[in-house]
Amino acid sequence: MKYAIISDIHGNLPALQAVLEDAKNQNVSHYLFVGDYCLSGPWPNECLETIQAIPNKTVIRGNEEKYIEDLVGKDPSKWTDGQMQISYWNYKNIKQDNREYMLQLPHTADFECNGIPVHMAHSSMTFVGTYPFYTWNSVVVANRNTQPDADPQRILDEIHAEWDNDPQFQECVSKLDKGIYIFGHAHIQWSYKVKEKDVYLINPGSCGLPLDGKKDSMPYTILEITDDGKVSIEEKRVLFDKASYINTLRQSDQYKQARVWTELIIEELSTCRERLHFFLAFVEEYAKKLGDERRPYALDTWEKAYEAYVLNTKSC
């Protein structure tokens with residue numbers, strides 16, 4: 001059985017379509033979707049409809065779906081802050097049947113293939129706690145890999161080299177039973193086989209918003225389990241025209257309704273580096289200096305903080 005593992009699409013329909021086409025050419029027989037289908041790209045409906053149309057699939061939800069769920073039954077007239085504009089735009093623009101489909105998805109999935117247990121969750125923390133995620137995530141990669149176009153293979157080699165010799169990480173994974181553990185969330189593509197155990201960890205990266213420094217492509221992972229239970233993992237990259245996609249983003253209704261968030265996403269797409277985390281830390285300090293205790297951040301604070309952030313970034 002050959003699986004395509006796809007995660008963190010974030011409303012990026014062209015990237016999803018490119019990855020699905022590539023997977024089809026690889027003779028994939030089943031698709032595993034690991035969550036985060038909306039927020040950040042202007043095609044959440046089309047992404048959800050595309051996934052629903054695929055016959056052979058296993059689909060779970062991610063953390064971004066919770067932002068939509070939290071708005072169910074709330075009063076839209078009170079949606080006046082700046083910080084959550086992207087959530088409001090998605091809630092208003094995702095069709096009700098697509099929203100219902102998305103919110104009924106399970107948080108985890110478990111199945112067996114040719115005697116090998118397979119487990120799915122959006123975050124690695126479901127399986128191995130917080131330590132692996134906080135030692136290697138998009139913020140860590142941004143801080144440690146500052147060259148213009150990082151090599152994902154080198155990042156993967158660094159991950160393996162560190163974790164092979166990290167007692168705390170080895171303790172985390174030593175508790176796992178035999179099987180394959182699939183997750184996303186970190187937007188960094190990697191996989192790892194535990195020493196002397198039939199335990200495999202797989203993060204396919206972000207199909208729609210990769211943050212691993214590789215600017216010209218979008219990632220997914222192919223997992224193959226043979227009839228006799230042998231496991232192979234292949235990290236795939238699909239060429240993608242980000243400049244065209246960014247131009248479309250700037251012309252979208254999402255950009256008009258959630259400009260600051262969309263500009264940050266554009267910067268992440270352009271650099272393939274984490275930016276949202278750093279901006280959120282910046283706006284928190286900015287609001288404190290103003291004495292603004294409103295959370296989510298008021299529209300004026302949110303927009304002025306972004307202007308200050310851009311100026312600060314350019315001066316660095």
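User: Hi! What should I know about the model and the numbering before we start?
Analyst: Residues are numbered from 1 along each chain as its sequence is written, and side-chain values use heavy atoms, with hydrogens and water left out. The model is predicted: local features need pLDDT of at least 70 and side-chain atom pairs count only at pLDDT 80 or more, while totals for chains, interfaces and linings use all residues.

User: Great. Which residues touch the most other members in the largest nonpolar core?
Analyst: Ile6, Ile9, Leu16, Tyr31, Phe33 and Phe279 do, out of 60 residues in that core. A nonpolar core here is a set of buried Ala, Val, Leu, Ile, Met, Phe, Trp, Tyr and Cys residues joined through side-chain atoms within 4.5 Å. Buried means under 20% relative accessible area, exposed over 50% and partly exposed in between, with a 1.4 Å probe and protein chains only.

User: And what does Ile9 touch?
Analyst: Leaving out residues up to four places away in sequence, the contacts of Ile9 include Leu16, Phe33, Tyr37, Ile51 and Cys207. Contact means heavy atoms within 4.5 Å.

User: Switching to strands: which way do the residues of E6 point?
Analyst: In E6 (residues 179-182), Gly179 and Tyr181 point one way and Ile180 and Ile182 the other way, and all are buried. Strands (E, at least two residues) and helices (H or I, at least four) are DSSP runs numbered from the N terminus.

User: What does E6 pair with?
Analyst: E5 (residues 116-121) runs parallel to E6, joined by three bridges, and E8 (residues 199-204) pairs with E6 in the parallel sense over four bridges. Pairing requires at least two DSSP bridges between two strands. Tyr181 stands opposite His119 in E5 and opposite Leu201 in E8.

User: Nice. How many aromatic pairs are there?
Analyst: There are 20. The rings of Tyr297 and Trp302 have centres 6.2 Å apart and planes at 20°, so that pair is stacked. Rings of Phe, Tyr and Trp (its six-membered ring) pair if their centres lie within 6.5 Å; planes under 30 degrees apart are stacked, over 60 edge-to-face, and the rest tilted.

User: Are Tyr297 and Trp302 buried or exposed?
Analyst: Both are buried.

User: Last one: where does the charged end of Arg99 sit?
Analyst: The charged end of Arg99 sits over the ring of Tyr91, 4.3 Å from its centre. For this, NZ of Lys or CZ of Arg must be within 6 Å of the ring centre and within 35 degrees of the ring normal.
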